[in-house]
Amino acid sequence: MLKFDIHFKDGLARVGTIHTPHGDIETPAFVGAATRAVVKALTMKEMNALGSQAILANTYHLILRPGIDLLKEAGGLATFNSWHKPTFTDSGGFQIFSLPNVKISENGVKFKSYLDGRNFEMTPESSMQAQWAIGADIHMAFDHLAKSENRSDMEEAMHRTHHWLDRCVKEHQRLDDLRTKHGRVTDLEGDPHGGLRCGGGKGPAGPAQKLLYEQYLYAVVQGGTFNDLRAESAQYCASKPVDGFGIGGVFTADGMAEMLQTVNSILPEGKPRHLLGMGQEPIDLFVGAEFGCDTFDCVGPTRMARNGSLYTKDGRINIKNAKYTHDFSPLMSDCNCECCKNYTRAYLHHLFKTDEITAKVLASIHNEYFVVHTVDMIREALKDGSFQDYKQSFLARYYHS
Ligand SMILES: [Zn+2]
């Protein structure tokens, strides 16, 4: 079982340490979104330097490109992308169900690659096999995202997610048994495709992949905007032998606190909880931590950075705006990131106006640092009992309220 120590509690909020084979994560923590094995515009050295503790890659995207066989050949994601700290993988459910023309059955989901039209089938078992081959420390169970926000669709998706969770748990256990018995989980006997039935299923099996370290499984709580469904899903997930929990699906920003209160009051306290895809808005990080989430990931900070939308303590600014042409102050005066320590708003404005690649790099360094550092400060404030003061002063200044 994944080791998670809780050092401090305040209501549902907690400060802890998740111990993974690739190192510890001090929580609460913001996890960098490395969807395609990279945090866009940043190197892993830059991610390290800005204080990131962990990244989250996406199984669906990695199956399409570069493909699981290639990742096996590389020896897993950590050696491929040179990130030697903890890694999470999302199952890919969220992305696959967002595609047009997917065929869903109780067995799994069939879809076409948007890159080359190849047919794929993802099942709970193949998602687990792919995540083991990627070699992330923490895997998400394969979940079904509802096709709409109405109650019957949400309910159907939740029940299917629960059926699939049972299969994920079983497959995860089978792969872990192979690891402990044989020191590897792929090139399974009798399976010509190296144990993976996704990725097209054609071509030679990848080489034997040695995986000597433990990997862990999180169940994903669904239920959308309906708190009774969220409670039912949390109870179901809590009853399973998993290492932690992802909280996924759709929910409104307004309803997030209530939903998290419902879910995290039910989930066992001693296991970590990851809020999937949240953290673009600083308020979500405060609410998430306050109501019992330990880690967060979101593509928003770096996506906005590439468009010139940059965090400051007084809210987001658009650096492309003409008013920054002669502004020789740093983007954020008390920010310790490499961008703010070395460059001015005027320079960033110039880089964006001339469409230089470096504009996206510097902006991404700053935005990623901002969210990582904000959650680090939340952790410190929880430790010294000043969380409510920190939250109120931060949010009042950021949202001008
Ligand atoms: Zn900065």
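1. The model is predicted, so to speak of a local feature a pLDDT of at least 70 is needed, side-chain atom pairs count only at pLDDT 80 or more, and totals for chains, interfaces and linings use all residues. Residue numbers start from 1 along each chain as its sequence is written.

2. Gly-135 comes after helix 6, and its phi is positive, near 85°. Helices (H or I, at least four residues) and strands (E, at least two) are DSSP runs numbered from the N terminus.

3. Helix 6 spans residues 124–134 and is mostly covered, with 11 of its 11 residues buried. Trp-132, Met-128 and Glu-125 are among them. Buried means that 20 or more other C-beta atoms lie within 10 Å of the residue's own, exposed means 12 or fewer, and partly exposed is in between; C-beta atoms are placed from the backbone.

4. Tyr-114 sits in the loop between strand 8 (109–112) and strand 9 (119–122). Tyr-114 counts as exposed because it has 9 C-beta neighbours inside 10 Å. Its C-alpha atom is separated by 8.7 Å from that of Leu-64, 50 residues apart along the chain.

5. The protein is divided into domain 1 (3–298) and domain 2 (305–398), with bounds from an automatic or database domain assignment. In all, 25 residues of domain 1 are in contact with 24 residues of domain 2, where contact means C-beta atoms, placed from the backbone, within 7 Å. Helix 10 gives the most to the side of domain 1 that touches domain 2, with 5 residues.

Conventions. Contact = placed C-beta atoms within 7 Å.
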